Amino acid sequence: VKAQGRGNYGFHTPELSAQAAERLELEARLRQALGNEEFLLHFQPQFDCVSGALIGCEALVRWNTPDQGLVPPTRFIPLAEETGLILPLGDWVLRTACRQGMCWLDAGLVLETIAVNLSARQLLQPDCVDCIEQALTATGWPAHRLKLELTESMLMGEGDEVEQRLQALRALGIRLSIDDFGTGYSSLAYLRRFAIDELKIDRSFVRDIPAQRDDMEIAATIIAMARNLKLRVIAEGVETEAQLEFLRERGCEAYQGYLCAPPLTPEAFAARFGPR
Ligand code: C2E
Ligand code: CA
Ligand code: CA
Ligand code: CA
């Protein structure tokens with residue numbers, strides 16, 4: 001521990017201060033970014049495992065900073081969640097994704113669903129359902145074509161409010177998917193309690209197929225469980241033909257991953273999948 005002046009406590013190390021300063025700057029820039037229209041969405045297509053048909057896409061947010069270029073969401077979503085900025089940002093993502101879906105629809109590119117990631121912070125807002133309904137009304141995107149991706153931890157230990165909100169979303173026709181399935185808490189009771197439509201197998205269980213037998217067992221078990229529970233099942237992070245073949249053989253319905261396409265700009269998405 002370096003020598004410190006009076007009034008400096010142990011945790012005020014120079015490194016920590018530098019980290020804290022960097023965080024504060026990131027936070028300040030994040031606040032401005034929404035007004036400066038520095039965010040954009042990329043869309044990763046999702047396919048039917050058997051027919052190979054395009055069935056939808058997942059909207060993934062990007063931050064295009066003036067000086068550092070594209071910043072990945074893993075670097076700013078956690079901070080946005082902590083600071084509450086995820087609320088206006090999440091609303092922007094939802095509306096922009098729905099608006100994009102309408103644009104594509106008008107151009108003859110029909111997507112069964114657009115998936116949008118919903119953060120815990122959003123779901124814990126009392127007016128969460130109203131916000132989402134308003135976004136649908138404002139954009140015209142049909143509720144049954146919207147899929148919200150939630151994580152397991154959002155469903156654990158939450159009170160009746162969350163349960164009621166999810167019921168209300170379902171009542172609107174919105175579909176609910178459990179993102180990163182298998183990486184969260186281990187209780188499966190929530191599958192019964194909440195009206196879920198889909199399980200999304202986390203990339204970590206797909207990545208090492210076929211080298212890791214344990215991962216293959218886990219992926220196969222999730223697929224079997226989903227099917228037994230009459231839930232849809234989609235795999236993320238599919239990068240090889242061998243992975244796709246394994247998933248298809250085990251009965252997985254849908255997938256997304258670099259094998260077919262990374263997240264694409266709206267222009268690239270339309271160029272590849274739109275009508276000619
Ligand atoms: P996620 O929801 O699990 O999204 C999947 C991530 O895997 C994306 O990273 C995607 O680009 C990446 N990916 C897709 N296919 C492959 C593949 O074949 N191989 C590999 N190696 N990676 C693949 P991305 O876009 O960097 O997003 C990271 C995370 O940030 C997301 O993980 C999600 O948790 C969060 N995120 C992104 N957009 C939003 C948003 O609008 N709202 C919220 N709340 N979170 C978001
Ligand atoms: Ca996701
Ligand atoms: Ca995921
Ligand atoms: Ca994941």
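A polar side-chain atom of Gln-44 sits 3.0 Å from a nitrogen atom of ligand 1. Asp-179 places a polar side-chain atom 3.0 Å from an oxygen atom of ligand 1. The side chain of Glu-236 has an N or O atom 3.4 Å from an oxygen atom of ligand 1. The protein covers 83% of the 800 Å² of accessible area that ligand 1 has on its own. Such areas come from the Shrake-Rupley method with a 1.4 Å probe, and for residues only the protein chains shown count as cover. In total, 21 residues surround ligand 1. The closest are Gln-44, Arg-62, Asp-179, Glu-239 and Tyr-258. A residue counts as near a molecule or strand if one of its heavy atoms lies within 4 Å of it.

This is a predicted model, in which local features need pLDDT of at least 70 and side-chain atom pairs count only at pLDDT 80 or more, while totals for chains, interfaces and linings use all residues. Residues are numbered from 1 along each chain as its sequence is written, chains are lettered from A and ligands numbered from 1 in the order in which they are written, and side-chain values use heavy atoms, with hydrogens and water left out.

Now turn to the metals. Donors are N, O and S atoms within 2.8 Å of the metal (3.2 Å for Na, K and Ca); water is not among the atoms, so sites may look incomplete. Asp-179 lies in strand β6 (residues 175-181) and Glu-236 in the loop between β8 and α11, so the pair ties together parts that are 57 residues apart in sequence. Helices (H or I, at least four residues) and strands (E, at least two) are DSSP runs, numbered from the N terminus. Both Asp-179 and Glu-236 are buried. Buried means under 20% relative accessible area, exposed over 50%, and partly exposed in between (1.4 Å probe, protein chains only). For Glu-236 the value is 13%. Asp-179 also coordinates the calcium ion (ligand 2), which is 3.7 Å from the calcium ion (ligand 3).

Asp-180 makes another bridge. It coordinates both the calcium ion (ligand 4) and the calcium ion (ligand 3), which lie 3.1 Å apart. Asp-202 is in the loop between β7 (198-201) and α9 (203-206), and Glu-236 is in the loop between β8 (232-235) and α11 (241-249), 34 residues apart. Asp-202 is buried at 11% relative accessibility.

Glu-149 is in strand β5 (residues 146-151). It is buried, with a relative accessible area of 1%. Its side chain joins that of Lys-200 through a polar contact of 2.7 Å. Beyond its neighbours within four places in sequence, Glu-149 is in contact (heavy atoms within 4.5 Å) with residues including Gln-46, Glu-58, Asp-179 and Lys-200.

Last come the cysteines. A disulfide here is a pair of cysteine sulfur atoms within 2.5 Å. By this rule the count is zero. For Cys-131, the nearest cysteine sulfur is that of Cys-128, 7.1 Å away. Cys-131 is partly exposed, at 28% relative accessibility. The sulfur of Cys-252 is 4.3 Å from the closest cysteine sulfur, in Cys-49, too far for a bond. Cys-252 is buried, at 2%.

Methods: A polar contact is a pair of N or O atoms within 3.5 Å; within protein, one must be able to donate a hydrogen and the other to accept it, and residues adjacent in sequence count only if both atoms are side-chain atoms.
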